[in-house]
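I opened my notebook today to look at side-chain contacts and charges. Here is the model I worked from.

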Amino acid sequence: TNEQPFRGTQPYEAARNVVLLGVRPDYRRVPNVTLQKLIRACWQANESRRPSWSLIIGVLQEVLDDIEMEKRLEATKIAENRKEVRRISDTTRGRTDNERERSKAEKDRDSGKPSGDSDERGMQRNEDPQNRQPGADHDTGIRGFFRKFKR
């Protein structure tokens, strides 16, 4: 909460209130419930009921891990939302996932890269090289690229 406990109270008076009257800082405004429980445990009047340093460190590490996990989860949700917004935007413009894939394959073909459905020889995946039609136009991939210059 970034608030000073016992604010406005002299240190001697605060110590007396804690020891003699059992006054404790208000930890209910701490946003993390695990930290609230840890604070309450650390302020136990009976010393034997207070957590050990190793337990305190373990709990604090768990809290940090939870915070990191929440951050990653939030980042994942943001990325998924952006992806969904792009999909909706493309759909409203009339582009489907298949059209996006075709567009990407065309860009790859134009840049000389093999598309996702062909290999570096310009052959469609699962295509048998002996079943190619003689004289058929196979202008994809590296061989297709060089064929353009032989004609």
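**Ground rules.** I am working with a predicted model, where local features need pLDDT of at least 70, side-chain atom pairs count only at pLDDT 80 or more, and totals for chains, interfaces and linings use all residues. I number residues from 1 along each chain as its sequence is written, and side-chain values use heavy atoms, with hydrogens and water left out.

**Rings.** I looked for aromatic pairs (ring centres of Phe, Tyr or Trp, the last by its six-membered ring, within 6.5 Å; planes under 30 degrees apart are stacked, over 60 edge-to-face, the rest tilted). I got one. Phe6 and Trp43 sit edge-to-face, with 6.2 Å between centres and 70° between planes. The pair links distant parts of the chain, 37 residues apart: Phe6 precedes helix 1 (11-21), and Trp43 is in the loop between helix 2 (33-42) and helix 3 (53-92). Helices here are DSSP runs (H or I, at least four residues), numbered from the N terminus.

**Salt bridges.** How many salt bridges did I count? Three came up, taking a side-chain nitrogen of Lys or Arg within 4 Å of a carboxyl oxygen of Asp or Glu. Asp26 meets Arg28 at 2.9 Å, N to O. Glu68 and Lys71 have their closest N and O atoms 3.9 Å apart; these two are three residues apart in helix 3, so about one helical turn separates them. For Arg87 and Glu84 I noted 2.7 Å, and again about one helical turn of helix 3 lies between them.
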